[in-house]
Amino acid sequence: FPFPYTPYLIQERFMAALYGALEAGQVGIFESPTGTGKSLSLICGALSWLRDFEEKKKQEEARLLALEHNGQEEKKLLTSDESFRKGTLDEPGHPDSKGSAREPDWITAFVQKKEERDMVDRLKEEQIRRKKREDHLEKIRHNVQLKYAAKRKRSEEDETKHLLQLSKEVLLEGGGADVLEQLDHNEEELILAEYESDEEKKVASGLEEDDDVEEEHVTKIYYCSRTHSQLSQFVHEVQKSPFGKDTRLVSLGSRQNLCVNEEVRRLGALQLINDRCMEMQKNKHEKKSDGEEMEGKKRRVSRTVCPFYSYEQMQFLRDEVLVEVKDIEQLVALGKETKACPYYGSRYAIPAAQLVVLPYQMLLHEATRSAAGVSLKDQVVIIDEAHNLIDTITCIHSVEVSGSQLCCAHSQLLQYMERYRKRLKAKNLMYIKQILYLLQQFVSVLGGNVNQNPNSQAISQTGTVLKSINDFLFQSQIDNINLFKVVQRYCEKSLISRKLFGFVERYGAPTAVKTNKENQKLAGLQNFLLSLQQGSDKEGDLPVEAESNQLRTASPLMQIEGFLSALTNANQDGRVILNRQGTVGQSSLKFLLLNPAVHFAKVVKECRAVVIAGGTMQPVADFREQLLSCAGVDPARIVEFSCGHVIPPENILPIILCNGPSNQQLEFTYQMRHLPQMMDETGRILSNVCNVVPGGVVCFFPSYEYEKQVYMHWEKSGLLTRLATKKKIFQEPKKANQVEQVLVEYAKCIKRCSHVGGQMTGALLFSVVGGKMSEGINFSDDLGRCVIMVGMPYPNIKAPELQEKMTWLDKTMPRAAGQAPSRVLIENLCMKAVNQSIGRAIRHQRDFASILLLDHRYARPAIFNKLPQWIKERTQVKAAFGSAFAELRKVRTCILCTA
C-alpha cells in the first residue's frame, strides 16, 4: 500500500482487511484506537482498492472491445444462430420439439448476444466520456491561460452588469411614481404562487443543466464524519497522502457552510438560508407569464435571483474542484473568487469525483441525500467516528415541537390567511386550513386552546404519555388527513414557511406595524408574539428585544413541518411522546424513532460495501443486532476488525479498583453513591493518586448533579483544600463556549508546574461522562497522565424514551446469552460512554497514562469484555488499594526516569 511513511504493522493489517472488505462487497465494523493513524489507513487502504478496481475495469473493457474489434463476436453469433436454426430444434430428445413452453435456445442465445453487444456499446461510450473528462481536467491542470481567460470573462460580465444597472438608474430618474408603486407592492413576494400538485403537473419545466445532472456516476467512495472540522482534518490527510495529487475529491456541506451570498448568509438559521436559496432558484427557472410581463416593476422584488448561481461559473468551479483537492474553506474562497456558488458547484462535481467527503446528516437522511445529488448505487460508503451511529440516526429522524411553537404558528398562519384571503387560490386556502386544523388538534391533545396564550394556560394533568403513531393520529382526530400530501408535497413546493417568515418579519415587530386601518388587524399578531416573548422570559436574563430576535430566527412552522414529516413513518418504527408540563407553552410533542435500521437499510442495500469505523467501537453487539441484522444484512456479509494500539504494553496501566484505602467496597449504585462514606473514600483515593501522579489528572463523574454533590461534600470536609496543595482544581463548565477557556488554563497550569517545580505538581480536572470533555478532546501527554472513572455511568432507566426503547427491543430482538435485550442495551450505553472517556488519555505512540476504574462491577465478565481489546488485555483487577497504589508508584518512577 502506498503510504507517506513506513506504516505500523497494525496499519498494514488494517489496510489489508479494509481492502478485502471492499473487494468482497462486505459490511465491515473497523476499530482502530485514536493515535494509531486510522485516517491515513482508511485513505490509503480505500484509495488503493479504488485505483486497482479502476485498472481492472479498464483491462476488462479493453479485452471486450478487442474481441468486438476482431469481429469474433459477430462470427460466433452468426454460427450459433445458423446451427440453432438447422439442427437444434429438430433433435428428437429436445424439449422444444415436444411443444415445451420454454423459449427456443436460438432465441435465448440471440438475446444474450444482443446484451453483450449493447454492453460493448456502453463501454465504448463510457470510454469516450472518461477520455474526454480526463483530457479536459488535464488541460485545466496544466493550462494557466484557461484560468485567466475565465477570470477575464467574469470581469467583462461584471462590467456589463454594472453598466446595465447604471442605464436602468438613468431611465428611472424622474419616475418617482413607479418607485412608489414598487414600494407599495413590496409584499408581492409574500403571496403564495398558484399551487399545482404532482398529479396535475403534466410537464416539468426543463433546466438548462439537465444533461449535465444526468452525467453517469463513476465508482467512488463516500466518506462521512460527524463535524466539519473532522472532515477538514480528513481532507488535509488526503492532501498529505501519496494519493493527494491525482485523486478527484469533492467536499460537500450545508448551505450554512458553503453559501457565499452575504444577503442570504445574514439570515443565520439554516432553514431560512435553505428556503431563501430555493426561492431564488425558483425565480431563476420560473418563466414569466404574459400577465406578469404586464405587471412590470410590481413583481420585480419577487424575481430576486442569486448572482452566484451562474451555470457557466459553477461549471468552472466544478472543474477546479476536481483538478485539485480542496477542503470546505478553500472551496468557499474559490467560490468568492470565481463568483460561483460552492454549494451547487460542488454538487455538479459529484458524478466525476472518486472521493466525496460529507457530513453524517447528508448521507444518513434520505431526503437530504437525494437533494444533494448523492447516488449510493454500487458505491462504497465509509462512516468514520461511528461509535454513536445508532444515536445519530435516531436523532436525525426524531423531532420535537413545543406548545408555544404550535400556538405561535397557528396565530401567524391565521393572520396570514386573513390578510391575503382574496389573493390566494382555492387550493392554497384548502391546504392552509388543513394545516391550521392540524395545529389546533395538536394543542388540544396537549390540553390547551390554540386561541389563548400558551404561557398562561395551566395544564391540569401533567406527565409524559407515549403513543404509537396511529393512536396519536386517532386521538388527535387527524387520521383522515393525508400528511404525505400536506408535508412532502404542499409545504416543500409552496415554500409556505418561508412566506410566513417574511410576513412575520414585516408585521411581527413593533417597528414594522403601521397605524393605517388596513394594518391595524395585524396588531393582534404583534401583541401575541410579544406576550409569548414575555411569557418565555422566565429567568429574566434576556431583554424582550433579544427574545424577539431569538424567536424570529426561524418560523415555528419550519420545525412543525419536520414533525408532520416524521408522522409519515411506519407505525411500528416510532412513538409520539406527549410531554405535558405546567403550561401549554412548556409542554411538547416529540416523535421518537425506535428503529434506526429502517433508514440505514436503504444505505446498506444500495451500496457495494459499507465500512463503519471508529477509535472505540466496543461493544459492537449494538451495531450487529440493532442496526445490521434489523436492516436485513446477511450475517455472512458482516466482517469485524479490531487492532491493538501502537504504544508498548508498559505505557498504559489500566486498573479496576474494587476497594478503597479504608477497605470500603466501591459500588457506586444510585442508592450507594450518595452515602458520605462513599464520597469520603473517593476523596482518599484521589488524594493518594495526586500525591504520586505528576502532570494532569482527569476525574470523570457519572453526571453533573453527582459531580456538584461530591464537590460540595469535599469542600465542607476540607479535602479540596488538601488536594489544592498538590493540584490546581478545574471543573468542566456546563456552557460549551466556556470549555476552550477552561482547557487553555488547565494546560497552562500543567506546563507552568512542570517547568517551575515545587509542591504543586500539576492540575486536577473534574469532568462528566457524556459531557463536553468526554468526546473529541485529547488529554495527551502531561494533560492526562491519569484518568479516573468514578462509578458506572448507567443512563436513567426511568426516562420515558429509554423505557420505550427497552420495551421495543424486548419485543423485537432475541435474548443474547440469556440476557434480555433491554439489559444488554443499558450495559452497552454505559460502556460506550466509559470507553469514549478513558480513550482520551493515550493519543500517540510515545504517550503513557494510568486508567483507574473505581467500581468492583467492572470486574464482572459481561462488563469487563466490553472494554476495548487493547485496554482489556493490559487491565489488572485489584481487590486492595495498597497493591494498586504500588503499581501507580512504579509508573511514577518510570516517568521520572524518562524525564
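User: Cys-44: buried or exposed?
Analyst: Cys-44 is buried, at a relative accessible area of 0%. Buried stands for under 20% relative accessible area, exposed for over 50%, and partly exposed for in between, using a 1.4 Å probe and protein chains only. This is a predicted model, where local features need pLDDT of at least 70 and side-chain atom pairs count only at pLDDT 80 or more, while totals for chains, interfaces and linings use all residues. Residues are numbered from 1 along each chain as its sequence is written, and side-chain values use heavy atoms, with hydrogens and water left out.

User: How many disulfides are there?
Analyst: The count is zero disulfides, a disulfide being a pair of cysteine sulfur atoms within 2.5 Å. Cys-753 is in no disulfide, and the nearest cysteine sulfur, that of Cys-749, is 4.2 Å away.

User: And Cys-753, buried or exposed?
Analyst: Cys-753 counts as buried because its relative accessible area is 11%.

User: Which buried residues go with it in H33?
Analyst: The buried residues of H33 are Val-739, Val-742, Leu-743, Tyr-746, Cys-749, Ile-750 and Cys-753. Down the axis of H33 these residues fall within an arc of 125°, so they line one face of the helix. The arc is taken over the directions from the helix axis to the C-beta atoms. An α-helix has 3.6 residues a turn, so residues three or four places apart point the same way.

User: What is on the other side of H33?
Analyst: Glu-740, Lys-751, His-755 and Val-756 are exposed there.

User: How many residues does H33 have, and what comes after it?
Analyst: H33 (residues 739-756) has 18 residues and reaches 26 Å from its first C-alpha to its last, close to the 26 Å expected at 1.5 Å a residue. The expected span is 1.5 Å times one less than the number of residues. Gly-757 follows H33, with a positive phi near 80°.

User: What about H34, which residues are buried there?
Analyst: In H34 the buried residues are Leu-802, Glu-804, Lys-805, Met-806, Trp-808 and Leu-809. They pack against strand E7 (463-468), strand E8 (574-580), helix H29 (621-629) and helix H35 (821-838). The 13 residues of H34 (residues 800-812) should span 18 Å at 1.5 Å a residue, and the end C-alpha atoms are 18 Å apart, which agrees.

User: Changing topic. How many salt bridges?
Analyst: There are 18 salt bridges, each a side-chain nitrogen of Lys or Arg within 4 Å of a carboxyl oxygen of Asp or Glu. Side chains of opposite charge can pair when their charged atoms come close.

User: Which pair links distant parts of the chain?
Analyst: Glu-366 forms a salt bridge with Lys-602, with the closest N and O atoms 3.0 Å apart. Glu-366 lies in helix H17 (residues 366-371) and Lys-602 in helix H28 (residues 597-606), 236 residues apart. Glu-366 is partly exposed, at 39%, and Lys-602 is partly exposed too, at 34%.

User: What does Arg-857 pair with?
Analyst: Arg-857 pairs with Asp-855, with the closest N and O atoms 2.9 Å apart. Arg-857 is buried at 8%, and Asp-855 is buried at 0%.

User: Which residues form a network of salt bridges?
Analyst: Lys-38, Asp-384 and Glu-385 are linked in one.

User: Now the largest nonpolar core. Which residues touch the most other members?
Analyst: That core has 117 residues, and Ile-383, Leu-389, Ile-432, Phe-442, Phe-472, Phe-563 and Phe-600 touch the most other members. Helix H20 (residues 426-445) gives the most to this core, with 10 residues. Apart from it lies another core, of 36 residues, including Ile-10, Cys-44, Ile-221 and Val-611. A nonpolar core is a set of buried Ala, Val, Leu, Ile, Met, Phe, Trp, Tyr and Cys residues joined through side-chain atoms within 4.5 Å.

User: What is Leu-389 in contact with?
Analyst: Leaving aside neighbours within four places in sequence, Leu-389 is in contact with Leu-364, Ile-383, Phe-600, Ile-612, Phe-623 and Leu-627.

User: Last one: where is Ser-232?
Analyst: Ser-232 sits in helix H8 (residues 228-240) and counts as buried, at 9% relative accessibility. Not counting residues up to four places away in sequence, Ser-232 touches Asp-327 and Glu-329.

Technical notes:
Helices (H or I, at least four residues) and strands (E, at least two) are DSSP runs, numbered from the N terminus. Contact means heavy atoms within 4.5 Å.
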